[in-house]
Amino acid sequence: MSENENKINYVTRPKRNNELWLTEFSTDNLKLSLRVSNVVHTEKTKYQDLIIVDTPEFGRTLMLDGAFQLTEKDEFCYSEMMAHVPLCAHPNPENVLIIGGGDGAILREVMKHNIKKCYLIDIDEKVIEASKKFLPKQNTAFDDPRAIIKNMDAMEFIKNTSEKFDVIIIDSTDPVDFAAGLFQAGFYADIKKIMNQNAMLSELTESPFTDCDLMQQAICEMKKIFPIVKLYWGSVPTYPTGMWTYGIASLKNNPEIPVREIKNTKWYSKKIHEASFILPPFLESLVN
């Protein structure tokens, strides 16, 4: 028997690696997953499941109840469009209200404007606490003296406040449980009562591909209350389908026309503002 015939061929396989992925199911048939390099913080708050992780692709990431809220890499796409479109279309915004937004990113963008004060109303104080501790790059404005942070039900605040606002930004979670009433005419009617005569309201209205019904409902309900209602859109890579829409309502001024400019932005510009109101034909047919 030859030497080669005495050799035994052992079966080997590559060494397995432990892998952790964070996944959002946009629908039953569509999901987005990010590879996780480090679990930073997990917590079950009174209202929702909160997780913060590091990802190689998009950096530090916040998820609430299975939905991506922000990543370091792309959150400016969303935060700048939510904040600067209504603020730059308003001739002189002084008092601002943010509903939700506990991660602090939209507050950061609002504070780039020469406003007098901004209320941030988020029912879940644990989101704010975790964001301050683990997402410092995103929430640089919590300590701004113009910022007034309140942890309470936004509907309770709206019904009881004596304040009047120039710009109101609704940065809510998905419309379930404690956020279920934020896309309905009754809520918008209450909002209108605390708006100054030139005021504007912006609100996320989700993806036209995965949440078309919600988008249409929000715009329809806004039109029952406000004389001027428009839809605008942009891109947020880690939000469902990457295409994201926003509803904007105004009592007087045309929100499509920016009358003020803002610097130090990464996504928003005067041209982007104007272009965001040009709707693809399929999108225009859904809301008009």
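## About the model

The model is predicted: local features need pLDDT of at least 70, side-chain atom pairs count only at pLDDT 80 or more, and totals for chains, interfaces and linings use all residues. Residues are numbered from 1 along each chain as its sequence is written, and side-chain values use heavy atoms, with hydrogens and water left out.

## Alanine 83

Let's start in helix α2 (residues 75-89), where alanine 83 lies. Helices here are DSSP runs of H or I with at least four residues, strands are runs of E with at least two, and both are numbered from the N terminus. Alanine 83 counts as buried because its relative accessibility is 0%; buried means under 20% relative accessible area, exposed over 50%, and partly exposed in between, using a 1.4 Å probe and protein chains only.

Which residues does alanine 83 touch, not counting residues up to four places away in sequence? They are Ile106, Glu109, Val110 and Ile169, where contact means heavy atoms within 4.5 Å. Alanine 83 and glutamate 203 are 120 residues apart in sequence, yet 9.8 Å apart in space, C-alpha to C-alpha.

Glutamate 221 belongs to helix α7 (residues 212-223). With 13% relative accessibility, glutamate 221 counts as buried. Leaving aside neighbours within four places in sequence, glutamate 221 is in contact with Phe183, Gln184, Ala185 and Tyr188.

Ala185 and Tyr188 are among the buried residues of helix α6 (residues 185-193), together with Phe187, Asp190 and Ile191. The buried residues of α6 pack against β7 (95-100), α5 (154-160), β10 (165-171), β11 (195-206) and α7.
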